[in-house]
Amino acid sequence: MTAKSDGVPSYYYESPNSLLSMDSSIYNGLLAIGCLATVSLLFTTSLLSFITWRMIDWKSHYVSAVGRNQSVVLIYQLILADFLQSLGFLISFHWVAERQIIGPNPTCFTQGWLIQMGDVASAFFVLSIAIHTTYQVIMCRSVSYKTFTCCILGIWGLAVLLTSLAPIVGGRYVFQRAGVWCWISSSNEGLRLSLHYIWIFIVEFGSIIVYAVGFYYLFRAKHSNSIQLPGSSIEGLRKARTAMLAYALVYTVLSLPLAAGRMASMSNNELSDEYYLFAGALFTSSGWVDTILYTLTRRALLSNELDVYGRQPRPNTTNANTYGKDAGFQRQSSTDSILASNGFGSIGGIKMERTVRVELDDLESSGNSQRGVQQYYATAEAFKP
C-alpha cells in the first residue's frame with residue numbers, strides 16, 4: 001500500500017474517498033452553503049456578544065442577573081452550538097477555492113469535528129428547551145440553579161463525548177469526504193447511526209411529544225376544575241409555550257432533509273449531490289434563523305426589559321413622601337418572568353413583594369385637635385431560590 005508524504009494511504013485521495021474535480025453545480029452549491037454559513041456566523045456572533053455583555057453589565061439594565069434567567073441561558077447555549085456548526089460549514093469556502101475535496105487532512109478533520117459537535121449540541125439544547133418549558137408549565141416553577149448548571153455542563157459533556165468517540169473508535173481517518181463536505185466517512189455507518197442519527201431523530205420526535213404534553217396540560221387546566229389556574233396565567237403560559245415551540249419546529253424543518261438523506265443512503269438509496277447541497281444549505285441556516293427567531297419571540301427581553309420601563313398605576317400618595325425607587329415602574333421580562341407575573345414564581349425560585357403604608361402623626365403641626373398625618377410607603381422583596 002502506497003502512502004503520501006504525510007503518511008496517509010494513497011487510496012484516501014482517490015474517488016470516491018475524495019472529490020478530485022468539482023463541476024459547476026457542486027461549486028455553486030458549496031458557494032451558497034459558505035455564504036449562508038457566513039450569515040449564520042455573523043448573526044450568532046452578534047447575538048452571543050450582545051447577551052454576554054448583558055450578562056456582565058446586567059446591573060445597568062436588569063432587576064436581577066440575566067445569567068439566572070434559565071430560558072435565556074438555554075437559548076444562549078443553542079446559539080453557541082449554531083455558532084460551532086456555522087464555523088464547520090464555513091470551511092466550504094476552502095473546498096471552493098481548491099475546487100476539490102481532499103481528505104483526510106487537518107482541514108477535513110476540523111470540518112468534520114465542528115459539524116458533528118454543532119449538530120449534536122444544537123439537538124440536545126432544542127430538546128432541553130422543550131423539557132424545561134414543559135417542566136415550568138406542569139410544576140409551576142423552575143429547577144434549582146445548581147441542578148440547572150449541572151444539566152448544562154452535562155449536555156456539553158455528552159456532545160463532546162459523542163464527537164470524540166468518532167476518532168477514538170473510527171481512527172484518525174474517520175473524518176473524510178461525506179458527499180459535499182467532510183464528516184464521518186461512509187465506511188463507518190455504525191458510528192453515523194450511534195453518534196448522530198439516532199440522537200437527531202430522538203430530538204425531533206421527542207420535542208414534539210414533550211410540547212404536546214405541555215399543551216395538553218394547559219388545555220386541561222382551562223377546561224378542568226381539578227387544576228385551578230387563573231385565566232391570565234393560562235394565557236401567559238400559552239404564549240410562552242408557543243414561542244419556545246418554534247425552536248423545535250425550526251430545528252425539525254431545517255435538519256430533517258439532511259437526516260432523511262443520510263438514512264436513505266444507509267438503505268442503499270443514494271441521493272444526488274444536489275440534494276445534499278440543498279439539505280446542507282437548510283441546515284447551515286440554523287444559526288441566522290434561530291437568531292431572528294430569538295429576536296421575534298423575546299421582544300420583551302430585548303426591548304422592554306433592557307431599555308424601557310412599563311408604567312404601572314401608582315398608589316394615591318397625597319401628602320406623602322415616597323422614598324427609594326419609583327414603585328410605579330416594573331420591568332417587563334421573558335418566559336420565566338411571564339410565569340412569575342402570573343403567580344408561578346420567578347427566575348430560579350419564588351419571589352414575594354409587598355408594599356405597606358405607614359401613617360405617623362405630625363407632631364410639628366399647629367393645633368392640638370387636628371394633627372397632620374404623614375404617610376410613607378415601603379416596598380420589600382423576599383426571594384427564595
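How do the residues of the lining of the largest cavity divide into nonpolar, polar and charged? The lining has nine nonpolar residues, two polar and two charged. The model behind this report is predicted.

## Cavities

The count comes to two cavities of 30 Å³ or more. The largest cavity holds about 110 Å³ of space. Its lining is made up of 13 residues. Asp119, His196, Leu258, Arg262 and Phe283 lie nearest the centre of the largest cavity.

Three helices each supply at least two residues of this lining: α4, α6 (189-223) and α7 (231-266). Helix α7 gives the most, with four residues.

## Second largest pocket

The second largest pocket has about 330 Å³ of space. It is lined by 17 residues, and Arg177, Ala178, Gly179, Ser186 and Glu270 are the closest to its centre. Two or more lining residues come from each of β1 (175-177), α6, α7 and α8 (273-284).

The lining of this pocket divides into four nonpolar residues, seven polar and six charged.

## Disulfide

A disulfide is a covalent bond between the sulfur atoms of two cysteines. The structure holds one. Cysteine 108 and cysteine 182 form it, with their sulfur atoms 1.9 Å apart. The pair links distant parts of the chain, 74 residues apart. Cysteine 108 sits in helix α4 (residues 106-139), and cysteine 182 sits in strand β2 (residues 182-184).

The link of cysteine 108 and cysteine 182 is left-handed, with -105° about the S-S bond. Buried or exposed, which describes cysteine 108 and cysteine 182? Both cysteine 108 and cysteine 182 are buried.

## Other cysteines

Cysteine 35 counts as partly exposed because its relative accessibility is 41%. Cysteine 151 is in no disulfide. The nearest cysteine sulfur to cysteine 151 belongs to cysteine 150, 7.0 Å away.

Cysteine 151 has a relative accessibility of 45%, so cysteine 151 counts as partly exposed. The partly exposed class lies between the buried limit of 20% and the exposed limit of 50%.

## Helix α9

Helix α9 (residues 286-297) has twelve residues. From its first C-alpha to its last, α9 reaches 16 Å. This is close to the 16 Å expected at 1.5 Å a residue.

Which residues of α9 are buried? They are Ser286, Gly287, Asp290, Thr291, Leu293 and Tyr294. These residues lie on the same side of α9 because they cover an arc of only 165° around the axis.

Phenylalanine 43 lies in helix α1 (residues 24-56).

How many residues apart in sequence are phenylalanine 43 and tryptophan 288? They are 245 residues apart in sequence. In space, phenylalanine 43 and tryptophan 288 are 5.4 Å apart, C-alpha to C-alpha.

Technical notes. Residues are numbered from 1 along each chain as its sequence is written. This is a predicted model: local features need pLDDT of at least 70, side-chain atom pairs count only at pLDDT 80 or more; totals for chains, interfaces and linings use all residues. Side-chain values use heavy atoms; hydrogens and water are left out. A disulfide is a pair of cysteine sulfur atoms within 2.5 Å. Buried means under 20% relative accessible area, exposed over 50%, partly exposed in between (1.4 Å probe, protein chains only). On a 1 Å grid over the protein atoms alone, a cavity is a set of points where a 1.4 Å probe fits but cannot get out, and a pocket is an open set with protein on both sides within 12 Å along at least five of seven lines; lining residues have an atom within 4 Å of a point. Grid points are joined across faces, edges and corners, and a volume is the space filled by probe spheres set on the points. Ala, Val, Leu, Ile, Met, Phe, Trp, Tyr, Cys and Pro count as nonpolar, Asp, Glu, Lys and Arg as charged, and the others, Gly among them, as polar. The expected span of a helix is 1.5 Å times one less than its number of residues. The arc is that of the directions from the helix axis to the C-beta atoms.
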